[in-house]
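Subject: Structure handover

Hello,

Here is the structure I promised to pass on. My notes on what was found follow below it.

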Amino acid sequence: MVEDSGVHELLQQWAAERSDDAEMQEVNRIKNAWLAEAPPSAPGIPVQRGGRSGSRGLVKVDSADPAYVAAMRKRAPEAPEALLAAAASYWQLVGDVAEAEQWWDAGISPLDQRALDYRAAGLSPADLGRRLGPMTVLQHLRRGSAAAWCVARLQRQRRDGVA
């Protein structure tokens, strides 16, 4: 059997990192103290360009808009509050409540992360009901077709005057 000294060294390093020796305990104590001293930071999005002042930093992201949470609670009353708030916070970054409800009416729940992926690929709620051959766009997506493929097929239909 051929020995691989690299694997043995990696296992030794891993075991040393997880040992409860005095040095590691001190490192963890210092790390925890440092993290405890850090001011609590609100969630934010990194700024790509500085404003008029030229400063860079984070744009503050407030908690989920109550209108989004209320609209989603109507559709999914059994969903946990944390899930509704998380989904609402995503949707408020990319669209309004009406758009989220349009996606839901078209067959994709805004609680589903794929709705944002489909939107980013260029699909709209109205596109989900359009036919691509014998199936609708939504049926293609549910069977595993890529959203980009559906968008390309829809564009070809529009270009050829079929849609």
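Of the 163 residues in the protein chain, 24% are buried (buried means under 20% relative accessible area, exposed over 50%, partly exposed in between, with a 1.4 Å probe and protein chains only). This is a predicted model, where local features need pLDDT of at least 70 and side-chain atom pairs count only at pLDDT 80 or more, while totals for chains, interfaces and linings use all residues. Residues are numbered from 1 along each chain as its sequence is written, and side-chain values use heavy atoms, with hydrogens and water left out.

Overall layout

The protein chain has eight helices and four strands (DSSP runs numbered from the N terminus: helices are H or I with at least four residues, strands are E with at least two). Along the sequence the pattern reads α-α-β-β-α-α-α-α-β-β-α-α. Take the contacts between residues at least 6 apart in sequence: 38% of them join residues at least 24 apart (contact means heavy atoms within 4.5 Å).

The core

The largest nonpolar core holds 27 residues (such a core is a set of buried Ala, Val, Leu, Ile, Met, Phe, Trp, Tyr and Cys residues joined through side-chain atoms within 4.5 Å). Trp-91, Leu-123, Val-137 and Leu-141 have the most contacts inside it. At least two residues of this core come from each of helix H3 (66-75), helix H4 (81-94), helix H5 (97-106), H6, helix H7 (137-142) and helix H8 (147-160). The core lies between domain 1 (60-109) and domain 2 (111-162), because both give residues to it (the bounds come from an automatic or database domain assignment).

Val-137 is worth a click. Not counting residues up to four places away in sequence, Val-137 touches Leu-123, Asp-127, Leu-128, Arg-130, Leu-132, Cys-150 and Leu-154.

Asp-127 sits in the loop between helix H6 (113-121) and strand S3 (131-132). Asp-127 counts as buried because its relative accessibility is 5%. Its side chain makes a polar contact of 2.9 Å with that of Arg-158 (a polar contact is a pair of N or O atoms within 3.5 Å; within protein, one must be able to donate a hydrogen and the other to accept it, and residues adjacent in sequence count only if both atoms are side-chain atoms). Neighbours within four places in sequence aside, Asp-127 is in contact with Gly-122, Val-137, Leu-154 and Arg-158.

Glu-99 is in helix H5. At 16% relative accessibility, Glu-99 is also buried. The side chains of Glu-99 and Arg-119 form a polar contact of 2.6 Å.

Glu-81

Glu-81 belongs to helix H4. With 45% relative accessibility, Glu-81 is partly exposed. Val-69 is twelve residues from Glu-81 along the chain, and their C-alpha atoms are 8.3 Å apart. Setting aside neighbours within four places in sequence, Glu-81 is in contact with Val-69 and Arg-73.

The cavity

One cavity of 30 Å³ or more was counted (on a 1 Å grid over the protein atoms alone, a cavity is a set of points where a 1.4 Å probe fits but cannot get out, and lining residues have an atom within 4 Å of a point; points are joined across faces, edges and corners, and a volume is the space filled by probe spheres set on them). The largest cavity has a volume of about 30 Å³. Its lining consists of Tyr-68, Ala-71, Met-72, Val-97, Ala-100, Glu-101 and Trp-104. H3 and H5 are the elements that give two or more residues to that lining. The largest share, four residues, comes from H5.

Best wishes

Definitions and conventions
1 Å grid on protein atoms, 1.4 Å probe; cavity = no way out; pocket = protein on both sides within 12 Å on 5 of 7 lines; lining within 4 Å.
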